[in-house]
Amino acid sequence: MSNAIGGGKNAAEATWIEEWVIPRFKEAQKNAGREVDVIFEAQGVDDEDYKTKTALDFQSGKGADVVSLDGIWIGEYAQADYIKPLDDVAGAVAGSWDGWTQIPEAIQGAASFEGKRYGVPQGADGRVIYYNKTLFEKAGLPADWQPTSWDDILSAARAIKDKVADVVPLQLNAGTAMGEATSMQGLLPMLMGTGQHLWADGAWAGDTQGMRQVLDLYKTIYVDEGLGDPILQQEASGRDTSFQEFAAGRIAILFEGDYFWRSVINPAEGVGTAPMADRDTVVGYAKIPARRPGAGINGQDYVSMSGGTARVLNPNSADPELAWELLAFMNSVEAFEARAAGTLSISPRDDVNAKLLASDPMLSFVSEHVLPITAYRPGLAEYPEVSVLLQQTTLDVVMGTGIDDVMRSYVSGLEGVVGADAVTSGN
């Protein structure tokens, strides 16, 4: 089952399943001497409605054998005992699958919880820094730019402000209007750059040094030095406006995902929502540095955040071994190559990416250099509410509220969502 349907939501995935996966899998099984039937349970509903259906299916002991889930639901479903580790459902064959050697451990994290694999990730994305090479040249900055610290980013933004008129030097998403984009493209990668996870060891980050360092960065950008546009962070369409402004050469540095490159500013007619005809020559991209070298999570110099979907096995399956064979087949090299026809994107497999992404240096850059260092949002039921609190903290800072007051409000709200015992403060 997948939230995809022909002629509707995620139609390309539905077509791939119906026209490639099912007939090819049945043929492979027939060649192995087994007749099987595969039924695709197509859905085309809002994500929350799909989440409700899958949860009810698992809870009632029903549902499809192979189910597509948003990676952010994995931890929540695991804690609710709706899903179980692949090894527990399908046995040792799942753990010995040769495909795991082609999926980097960091990417496996999209479908894992507490160190156990609950599913197979279906795609991969990463957050990077985009910058306008033309504006950099005007400011005397290098066209081949790779900052190694937050100070490097701020220094570049200051140079833009000093030497280039009518340009917003730096866009780091903030505020509630931008929703999850504030968390994923703004606060969370910066928090990873302080060496701190949002959730670890059963507790959420409250008034911590890392959180204060991130909010102080926002204060520097939007309040103290005017390197960003605080009004843009409050507009209902602020994120889309930031896309348009960057495409028009009026924002110099922008934090975004690879979606921005392959969809938003894609110069191909009918693809980009803010297409840049000169994208490939004007737009540069770089890894997001930690606050300082080695200060990121796991002692990393650079950090990123990723999302994506995963496919899991239903613990209620009447034939879990056959269900695993289907899941493995759907994640084979041939399957990903067929799925990518006409839609170039990053797969979770290194071998597939090496072949398919050769024509796109930017997506190759993300696959090879960003995904191995990426991190994921906590896949817990409380996360959506926590994310809104994070968005509010950045909005409060951008609007000029002092960090001490912002942190008090955040911790109070956080304790209300997860309980005081599940909040950690201090270092």
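Reader: Which residues is serine 306 in contact with, leaving aside its neighbours within four places in sequence?

Author: Contact means that heavy atoms lie within 4.5 Å. By that rule serine 306 touches Asp125, Gly126, Arg127, Met184, Leu371, Thr374, Ala375 and Tyr376, with its neighbours within four places in sequence left aside. Please note that this is a predicted model, in which local features need pLDDT of at least 70 and side-chain atom pairs count only at pLDDT 80 or more, while totals for chains, interfaces and linings use all residues. Residues are numbered from 1 along each chain as its sequence is written, and side-chain values use heavy atoms, with hydrogens and water left out.

Reader: Is serine 306 buried or exposed?

Author: Buried means under 20% relative accessible area, exposed means over 50%, and partly exposed lies in between (1.4 Å probe, protein chains only). Serine 306 has 2% relative accessibility, so it counts as buried.

Reader: Which backbone atom lies 2.3 Å from a polar atom of the side chain of serine 306?

Author: A polar contact is a pair of N or O atoms within 3.5 Å; within protein, one must be able to donate a hydrogen and the other to accept it, and residues adjacent in sequence count only if both atoms are side-chain atoms. For the side chain of serine 306, the atom at 2.3 Å is the backbone oxygen of aspartate 125.

Reader: In which strand is serine 306 found?

Author: Helices (H or I, at least four residues) and strands (E, at least two) are DSSP runs, numbered from the N terminus. Serine 306 belongs to strand S12. Five of the five residues of S12 are buried, so the strand is largely enclosed by the rest of the structure. Tyr302, Ser304 and Ser306 lie on one side of S12, with Val303 and Met305 on the other, and both faces are covered.

Reader: What is the order of the strands in the open sheet of three strands?

Author: Two strands pair if DSSP finds at least two bridges between them. The order is S11-S12-S14, and the pairing is mixed. S11 (288-289) and S14 (374-376) are the edge strands, each with a single partner, so one side of each has no neighbour in the sheet. S11 and S12 are antiparallel, over two bridges, with isoleucine 288 opposite valine 303. Strand S12 (residues 302-306) runs parallel to S14 over three bridges; in S14, alanine 375 is the bridge partner of methionine 305.

Reader: Which helix packs on the sheet?

Author: Axes are lines fitted to C-alpha atoms, for helices over the stretch in contact, and angles run from 0 to 180 degrees between N-to-C directions. Helix H9 (residues 180-192) touches S11, S12 and S14, and its direction makes about 135 degrees with that of S12.

Reader: Where does glutamine 146 lie?

Author: Glutamine 146 is in the loop between helix H7 (133-138) and helix H8 (150-163). Its relative accessibility is 29%, so it counts as partly exposed. Apart from neighbours within four places in sequence, glutamine 146 is in contact with Ala286, Lys287 and Tyr302. A polar atom of its side chain lies 2.8 Å from the backbone nitrogen of lysine 287.

Reader: How many aromatic pairs does the count come to?

Author: A pair of aromatic rings is described by the distance of the centres and the angle of the planes. Rings of Phe, Tyr and Trp (its six-membered ring) pair if their centres lie within 6.5 Å; planes under 30 degrees apart count as stacked, over 60 as edge-to-face and the rest as tilted. The count is 18 aromatic pairs. The rings of tryptophan 97 and tryptophan 324 have centres 5.7 Å apart and planes at 85 degrees, so this pair is edge-to-face. Tryptophan 97 and tryptophan 324 are 227 residues apart, and the pair links distant parts of the chain. Tyrosine 131 and tryptophan 145 also form an edge-to-face pair, with 5.2 Å centre to centre and 80 degrees between the planes.

Reader: Which residues touch the most other members of the largest nonpolar core?

Author: A nonpolar core is a set of buried Ala, Val, Leu, Ile, Met, Phe, Trp, Tyr and Cys residues joined through side-chain atoms within 4.5 Å. The largest one has 80 residues, of which Leu198 and Ile253 touch the most other members. Another core, of 55 residues, lies apart from it and includes Val66, Ile103, Ile251 and Leu254.
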